[in-house]
Amino acid sequence: MKEKNLQPKNRKYILAKDFRRNKVLYLMVLPVVAFYILFSYVPMSGIIIAFKDYKPMLGMWKSPWADSWGFGNFLEFFSNPFFGRILKNTLLISLYSIIFSFPAPVMLALLLNEVRLKKCRRVVQTVSYMPHFISLVVVCGMVRQFCLSDGLFNNLFQLLGVDSVNSWLQIPGAFRTIYVGTDIWQSMGWNSIIYLAAIAGVDHQLYEAAEIDGAGRWKKLLHITFPTIRPTIILLLIMQVGKTMNVGYEKILLLYNSTIYETADVISTYTYRKGLLDFDYSYSTAVNLFNSVINFALVIIANKISSKVSETSLF
Amino acid sequence: MNKYLKNKKWVSWIPDVIMAAILLGIGIIMVYPVLYEVFVSFSDSVQFVRQRGIMVRPAGFSTLAYEIVLNAKPIWTGFRNTILVEVIGLVFNLTLTSFGAYFLTRKNVLWKKPVNILIIITMYFSGGLIPTYLTVTGYGLGNSIWALILPAAMSTYNMILLRSYFSTIPDSLAESVMMDGGGHFTILFKIFIPLAKPGMMVMLLYYAVSHWNSWFSAFIYLRDVDKAPLQLVLKNMFAEESTELLKLINKFDNFDSLQETVRAAMMVVSTLPIVCLYPFLQKYFEGGIMIGSLKE
């Protein structure tokens, strides 16, 4: 009884003492906390408009609830004919990225590590980082130029005997290849750094021991180098799978046009158009929320799988 | 290689030669698109339109595209606005990030865990495009460069990065400053920031690059053309049938053919400063990736 009575007082005392001691620290962290509240938590609370029929005049909180117990916007999205299309496009672009973009830096890192011509290694390494430093707007500007009827792609294909087309960015079937291809070009070198770092950490005695046992280059690569980077690969793969539904709008907005919506329109670009061009705020937020929920579930599932398969996991 | 031929070990070099060839191919693919834009920018526009096959040098030679770009007011306004956002933005970035990172490395702070949780949650959940847009414009930041600065005032990833640099600094240093009557600001500015210089440098570069590359917030928040940062100006110039671009070139007879050479010159002018700088900064960037990967 006595202790129970003391506890609240005690707690207050501890709080006061902590505050007195760390006043300056709390003063320091105040703008940081304010930033997170103003620019992360207030927008998060705005997700409520996904369940409402948002009217700018009434504001977020006073707008009426959407029909079907607040789920009207979601039902509208699921019955929309574009639902299947943008879901498919999002999944396919992610799938292609996982199949083609993801292994590219691993292979580059292994190649760079294996090659014994050091000068070649240094030059290619430096050069392969360069595209990372070119802004997305400029990269997409370059791609637009290459895709023109008298652009680089048509000129290249002519040498190979492929017929020219008017503009590669008007061909729905070419978009995913262009998207993933430029992605590999821009990020392969940069993303290889992390693998090279992991490879650099291998104990050289392991290689020496393997050589004594008669292991050749291929065996060393397979049984020493690759296992060292495997945890890194798995970790990055989980993060990549977690981003499956998260195909960003920036690059697609810079590249697509209405003639290739069929393959290029993804959930995020649809959200952008519905929200900021058609001013259908509630509907757009609902689409976005649906996306985030699936996304979060994917991160959890990917993590579960990886912690079963290996000992690497995110949380 | 001759030495190895003599030793009859040349067979063992075959894989190396193949790998070197593949790497060389990769190197060419990495460089050529950029080189191509340089060639186009120096080309005579009429000859460029007619040229076919792989370009290995400019088609003809002309600096007209550069004259047009360097006299283009929107490009210079864009540069000015970007630098403005960079300078103000970086002041906010560095202050908030070092304060946050310092706070998270302190011991015996009762509210550290709640603050940490508050921050971690934002890495997994966010408001999404529309709620963020409505919030930012609701604060009255629409059509203001503050809409580019304040919502990007700090990045959680960079703060965690800096925290791992800070956490390598021994506690005894902070304690000795406390002993001499110094406070937390003294510790942070006199000890932590100077000792974590590589970390601060990495952070500065990451933030600088993200401000430099950012165009979408400017695109959705700004209405006035003269406030647009460089990337947004470029985006408008690269758009199909860009009126901004036509304004610059419509006084020339062959303005239709000029479009692509002028665009290429814009790419070169806007990218050159960074591509020239990056080999010198490469080690800092790499350092950031290493530390980041350790913490993951």
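This is a short tour of the two chains, stop by stop, with what to select in the viewer and what you will find there.

Before you start, note that the model is predicted: local features need pLDDT of at least 70, side-chain atom pairs count only at pLDDT 80 or more, and totals for chains, interfaces and linings use all residues. Residues are numbered from 1 along each chain as its sequence is written, chains are lettered from A and ligands numbered from 1 in the order in which they are written, and side-chain values use heavy atoms, with hydrogens and water left out.

**Stop 1: the domains of chain A**

Color residues 2-48 of chain A as domain 1 and 84-309 as domain 2; these bounds come from an automatic or database domain assignment. Taken over C-alpha atoms, the centres of domain 1 and domain 2 of chain A are 41 Å apart.

**Stop 2: the second largest pocket**

Now select Phe153(A), Leu156(A), Trp185(A), Ile29(B) and Pro33(B), which lie nearest the centre of the second largest pocket among its 25 lining residues. On a 1 Å grid over the protein atoms alone, a pocket is an open set of points where a 1.4 Å probe fits, with protein on both sides within 12 Å along at least five of seven lines; lining residues have an atom within 4 Å of a point. The space in this second largest pocket is about 710 Å³, a volume filled by probe spheres set on grid points that are joined across faces, edges and corners.

Next, show the elements that give two or more residues to this lining: helix 8 (136-146), helix 9 (152-159) and helix 10 (175-200) of chain A, together with helix 2 (10-42) of chain B. Helices here are DSSP runs (H or I, at least four residues), numbered from the N terminus. Which helix gives the most to the lining of the second largest pocket? Helix 10 of chain A does, with 7 residues.

Color the lining by class and you get 22 nonpolar, 3 polar and no charged residues. In this scheme Ala, Val, Leu, Ile, Met, Phe, Trp, Tyr, Cys and Pro count as nonpolar, Asp, Glu, Lys and Arg as charged, and the others, Gly among them, as polar.

**Stop 3: helix 9 of chain A**

Stay with helix 9 of chain A and pick Leu152(A), Asn154(A) and Asn155(A), which are buried. Buried means under 20% relative accessible area, exposed over 50%, and partly exposed in between (1.4 Å probe, protein chains only). The cover over the buried residues of helix 9 includes helix 8 of chain A and helix 2 of chain B. Just past the end of helix 9, Gly161(A) takes a positive phi of about 85°.

**Stop 4: salt bridges**

There are 13 salt bridges over all chains, each a side-chain nitrogen of Lys or Arg within 4 Å of a carboxyl oxygen of Asp or Glu. Zoom in on Arg144(A) and Glu240(B), whose side chains meet at 3.7 Å, N to O. Arg144(A) belongs to helix 8 of chain A and Glu240(B) to the loop between helix 14 (230-238) and helix 15 (243-249) of chain B, so this pair joins two chains. Glu240(B) is exposed, at 52% relative accessibility.

Then move to Lys107(B) and Asp171(B), a salt bridge of 2.7 Å, N to O. Lys107(B) sits in the loop between helix 5 (73-105) and helix 6 (112-124) of chain B and Asp171(B) in helix 10 (residues 171-179) of chain B, so the pair ties together parts 64 residues apart in sequence. Lys107(B) is exposed at 57%, while Asp171(B) is partly exposed at 27%.

Are Glu260(B) and Arg263(B) buried or exposed? Both Glu260(B) and Arg263(B) are buried.

Finish this stop with Glu114(A), Arg116(A), Arg217(A) and Asp16(B), which are linked in a network of salt bridges.

**Stop 5: along helix 5 of chain B**

Select Trp76(B) in helix 5 of chain B; this residue is partly exposed, at 45% relative accessibility. Leaving out residues up to four places away in sequence, Trp76(B) touches Val69(B), Leu70(B) and Asn71(B), where contact means heavy atoms within 4.5 Å.

**Stop 6: two asparagines**

Most residues other than glycine have a negative phi. Asn108(B) has a positive phi of about 55°; look for Asn108(B) in the loop between helix 5 and helix 6 of chain B, where Asn108(B) is exposed at 61%. Asn143(B) also has a positive phi of about 55°, and lies in the loop between helix 7 (129-138) and helix 8 (146-149) of chain B. Asn143(B) is buried, with a relative accessible area of 12%.
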